[in-house]
Amino acid sequence: MLWCRFEKDGRASYGVVEGETVIAVEGEPWAAHRRTERKLPLASVKLLVPVMPPTFYAIGSNYKNHVIERSKVKGFKEPKFYDRPRVGYRANSALVASGEDIVKPADSGPRFEYEGELVAVIGKRCRNVSPQQATACIFGWTIGNDVTERDWQKNDPTNLRGKNADTFKPMGPFIATGIEPRDMITTVRLNGEQVHKFPTGDMLFNAGEVISDISKTNTLSPGDVVWLGTDELPKAIKVGDTIEVEISGIGVLRNRVVAGQ
């Protein structure tokens, strides 16, 4: 099933996507809810970020090739693989929906990069759970683009600017349920040209392991999101570019890069 969050006539709602139709839903997808009689053409609504998370988690260094290639860029002799997930926070204020613009700040440098990622959407409260129990707490999956200004990231250990500036976190377009990462393929296209294609589930730490590790110290709540990292070495994007992240079974997250003031 595909879920969305949309706006029509100034009114925001969750909805179920069936073909080219959206059926408005009262309530939240992971809680008590009911379908209404309100049916709208998908093309007639504005898609919003599919969930505004209570807490926004993200893991780095979670695909082998990405760790290796980033180590080469940094000039390390050997790649460093971690023995547990390296999880941090991201800012809700950085979120934008599919179709909205990524703003490249005027004072940002040329090392302005995308990272196409699978995102787990939490559906149940979980605290101190096993990986198997954590997997059962996942409601569904969406797509994220972890845009990063690499020079800011290098010089700012908190990632406040490098990863959390406004518009740096496109997410959407839908939340898909009933699918598994092992069956997904992530494809990234830059201006229509395929630049990456990799098995989505080929992670160093799977979603259950990441969520379990977080839950040892932090309670996850319904609506929280956990971004699960990217593979390969991203390319730089510039003003005027269009970046697309497609994950099979979910859809295509598409955003254009525009110049900041």
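Two strands pair if DSSP finds at least two bridges between them. Strands (E, at least two residues) and helices (H or I, at least four) are DSSP runs, numbered from the N terminus.

This is a predicted model: local features need pLDDT of at least 70, side-chain atom pairs count only at pLDDT 80 or more, and totals for chains, interfaces and linings use all residues. Residues are numbered from 1 along each chain as its sequence is written.

**The sheet.** Five strands form an open sheet in the order E9-E19-E18-E15-E16, with mixed pairing. E9 (102-104) and E16 (193-199) stand at the edges with a single partner strand each, so one side of each is left without a neighbour in the sheet. E9 pairs with E19 (residues 251-259) in the parallel sense, over three bridges. Ile102 stands opposite Val257 in E19.

**The pockets.** A pocket is an open set of points on a 1 Å grid over the protein atoms alone, where a 1.4 Å probe fits, with protein on both sides within 12 Å along at least five of seven lines; lining residues have an atom within 4 Å of a point. A volume is the space filled by probe spheres set on the points, which are joined across faces, edges and corners.

| Pocket | Volume |
|---|---|
| Largest pocket | about 830 Å³ |
| Second largest pocket | about 180 Å³ |

The largest pocket is lined by 31 residues. Ser61, Arg70, Lys74, Arg86 and Gln153 lie nearest its centre. Helix H1 gives the most to this lining, with six residues.

Residues lining the second largest pocket include Trp141, Arg182 and Leu228. Strand E12 (138-145) and helix H4 (207-215) each give two or more residues to this lining.

How values were computed
Heavy atoms only, no water.
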